[in-house]
Amino acid sequence: EMKFLDGTWLENYIFSILFEHLQSNNYKVYKNLEFIKEKETNKNKKFKIDCIVLKEYQIIGISCTTEKSIKLCKMKAFEVYYRTKQIGGTQTKNILVSFAKENTAKELQEELAIDTGSDKSNILILGYKDFEPLISKEKFLNFINETK
């Protein structure tokens, strides 16, 4: 199916890294969780988060995209930030996994910290150079294990 080639493979890859290294008594790892937001108009709006790590009561939301442009990556990063905050409050963390170049990912991380009024410890932007499994594992674990 074309959807798999568009990005589902990336969600599966990231989930497998997270699951392998984090699924334990202290962490729970989920993929493609769907949430329903009730609206006053009696119509419910559904949204999905690609991967979620639960660290005790803290939610770490992860969005995966094969996009590389700063505009599209920023949109995806804002979405995961907003959605994760909706379900987990202000103590959430957010990760965007993208195909962005290293300097684009760094620039986007700085922009998002400013635009959301949070510090950089809440947001991690990974680019295509971070896909090597050991690098990904190390970056994920360091970010998730940091205490606020």
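**Cavity, pocket and a buried threonine**

The largest cavity in this predicted model is lined by Ala77, Val80, Tyr81, Asn94, Ile95, Leu96, Leu112, Ile123 and Ile125.

Student: What makes this space a cavity, and how many cavities of 30 Å³ or more does the structure hold?

Tutor: A space is called a cavity because a 1.4 Å probe fits there but cannot get out. The structure holds one cavity of 30 Å³ or more, and about 40 Å³ of space lies in the largest cavity.

Student: How do the residues of its lining divide into nonpolar, polar and charged?

Tutor: Eight are nonpolar, one is polar and none is charged. Helix 2 (70-88), strand 4 (93-97) and strand 5 each supply at least two residues of this lining.

Student: Why is Thr116 called buried?

Tutor: Buried means under 20% relative accessible area, and Thr116 has 17% relative accessibility, so Thr116 counts as buried. Thr116 lies in helix 3 (residues 102-116).

Student: How do you know that the side chain of Thr116 makes a polar contact with Leu112?

Tutor: A polar atom of the Thr116 side chain lies 2.6 Å from the backbone oxygen of Leu112, and the cut-off for such a pair is 3.5 Å, so the distance falls within it.

Student: Which element gives the most to the lining of the largest pocket?

Tutor: Helix 3 does, with four residues, while the lining as a whole has 15 residues, with Gln109, Leu124, Ile125, Asp130 and Lys139 nearest the pocket's centre. The lining of this pocket divides into four nonpolar, four polar and seven charged residues.

Notes:
Residues numbered from 1 in each chain as written. Predicted model: local features only at pLDDT ≥ 70, side-chain atom pairs only at ≥ 80, totals over all residues. Heavy atoms only, no water. Buried < 20%, exposed > 50% of the residue type's maximum accessible area, 1.4 Å probe, protein only. Polar contact = N/O pair within 3.5 Å; in protein donor to acceptor, adjacent residues only side chain to side chain. 1 Å grid on protein atoms, 1.4 Å probe; cavity = no way out; pocket = protein on both sides within 12 Å on 5 of 7 lines; lining within 4 Å. Nonpolar A, V, L, I, M, F, W, Y, C, P; charged D, E, K, R; others polar. Points joined across faces, edges and corners; volume = space filled by probe spheres on them.
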